[in-house]
Amino acid sequence: MDAAKDTNPSCKLHTRLRLWEFADRYIFEPIDGLADLYLSVSRASGSMNLVEELPPRSPSINPKVQTVFGVIGVLKLAVGSYFFVITDRDCVGSYLGHAIFKVTGLKVLRCNDSLNTSPEQKKMESEISELLDAAEKTMGLYFSYDINLTLNSQRLYDVDDEFKSRPLWRQAEPRFLWNSYLLEPLIENKLDQYLLPVIQGSFQNIQAEVGSEKVNVTLIARRCTGRIGTRMWRRGADAEGYAANFVESEQIMQSKGYTASYVQVRGSMPFLWEQIVDLTYKPSFDVVRQEEAPSVLERHFKDLQKKYGAVLAVDLVNTQGGEGRLHERYAKSIEPILSEDVRYVHFDFHRICGHVHFERLSQLYEQIEDYLKKHKYFLLNEKGEKIQEQLGVVRNNCIDCLDRTNVTQSMIARRILESQLQQIEVFGVNDTITKYPAFDASYKVLWANHGDAISIQYSGTPALKGDFVRYGKRSAQGILNDLQYSLARYYLNNFADGTKQDAMDLLQGRYITSVSRDMAPPTKAGFVESYASARLAFALVSGAFMFMMMSLRHARHDARHLLLSLLWAGLCIGITHFVRSNGRVFTNRPRAHKSSRP
């Protein structure tokens, strides 16, 4: 299946450029033989034009020179223009025969030399520089020079030759085009050969031998940019129906000349709710504008049906506590649209599986097996002809759509892969992946890495429960890792993700600097609030908790230690109450966000 065989040669993207950094301009020199013209960018204004030759050089003019592998885009702001270029890349595999690269080096070229240097200008530049530094660290960016990576295999197969002949940026699925906003200045200048579509997500690949046959499995994650953000700062859906942490996961199997694909999606519960950080370990969930929940949810599911066909919503949250209230709202809001094409299944993952009995997911599979068989998967034969297509999608969610969701998706994907291999007779009728230990081990790692990549982008840490996905069972080390990751998430959510969220919004064209996130006017801070530090509060709570546990350990033998442990417990409670009351003073909060595009 050569999805890009009809691509117009004049639309070929530059794969390698020599970047010249002159005092007054940047020059991009194509060194891949695709063009004779150079792209010149003014360092004063960011204006762009094509030129026929390099500026004159002399012993006194010695520009820096380096090789770059593409221009991701341009950010145009009041304080100047900023070019994002790829300074390093790794080839991570192929998608339907075309090389896929991961961005491993990203650099920002500043074009604001002509701006004045007033104090306010310097302050704004300093603020933007901090966000650009965070933007340069963006993880999980992938691209191809030859094929549309934003479309899954089935959709790519169904498009016509005229569509495939367009420049790659015009073929891209807007939901998954991570650099859509950054490409706009290049589009305005009609620089098609520099317009490199990029996705954020994951791309993993394994090869295994099953008897005399080779099996290639590729796993791709495509993150939607509609409500992109960090764990605590992007929950639920927006009014347009875009859900937070919405990711399309496509598993592709190739063997004996056959190609099969299966797509699942994950995303936050699609109505308006939030969880604002306040230094407590688990801030409360708040449903916003409850009366709008059914219409927002309906908008979300109509979009899913348009793109995937039938939808099975698998809800993995608890039935008790705050999660239970969200579950009730979800179940109630989806009820009016339930039909043959929209189903809803609730599975209380924590109550049924606990922390170790994930094999009980078989109970969930029994509930959805009929849906999976009815709606099938995409399959091409040895001649590249379509045998069948996927007619519906499973939409998974928990609270974060990370840990429980990844365990569940990996279980569904495993069952589908076994069905595919049985159909093309690589497996016997009753064979499973576990029959082939080497295949089984690499397949578990494939899905564990997939879950870690998605989790790091949203929460800042690898996925919890990863030991089960990676090794097929829970372990003491895995549980300790989960504790470490949970504490890291707490710190990042409260003290780091605000800046990260601002950087994400900046790159998506949704960042404004003039409005504070807090709508109420600021009040004068009290003495404690003025001198308290978020990190100090976190250290005090952690230290008090540690000493309390040490004292309790000795309390069985000494009444004095029992009294001491009670005092430490009181200190823990007091500090926790204080930070709960004043948490929003300390947290690293993003500013107000407003979309600059429809």
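Trainee: Which residues of H1 are buried?

Mentor: This is a predicted model. In H1, Gln 121, Glu 127, Ile 128, Ser 129, Leu 131, Leu 132 and Ala 135 are buried. Buried means under 20% relative accessible area.

Trainee: What do the buried residues of H1 pack against?

Mentor: They contact strands E6 (71-77), E7 (80-95) and E8 (98-111), plus helix H14 (497-507).

Trainee: How do you know that the span of helix H1 agrees with 1.5 Å a residue?

Mentor: Helix H1 covers residues 119-136, which is 18 residues.

Trainee: What makes strand E20 mostly covered?

Mentor: Of its 6 residues, 392-397, 6 are buried. Gly 392, Val 394 and Asn 396 point one way, Val 393, Arg 395 and Asn 397 the other, and all are buried.

Trainee: Which strands do bridges join to E20?

Mentor: E13 (residues 258-266) is joined to E20 by 3 bridges, and the two run parallel. Pairing needs at least two bridges, so E13 and E20 pair. Val 265 has Arg 395 as its bridge partner in E20. E16 (residues 310-315) also runs parallel to E20, with 6 bridges. Here Val 314 stands opposite Asn 396.

Trainee: Why does Cys 353 count as buried?

Mentor: The cut-off is under 20%. Cys 353 has 0% relative accessibility, so it counts as buried. Cys 401, at 1%, is buried too.

Conventions: Residues numbered from 1 in each chain as written. Predicted model: local features only at pLDDT ≥ 70, side-chain atom pairs only at ≥ 80, totals over all residues. Heavy atoms only, no water. Buried < 20%, exposed > 50% of the residue type's maximum accessible area, 1.4 Å probe, protein only. Helix = DSSP H or I, 4+ residues; strand = E, 2+ residues; numbered from the N terminus. Expected span 1.5 Å × (residues − 1). Contact = heavy atoms within 4.5 Å.
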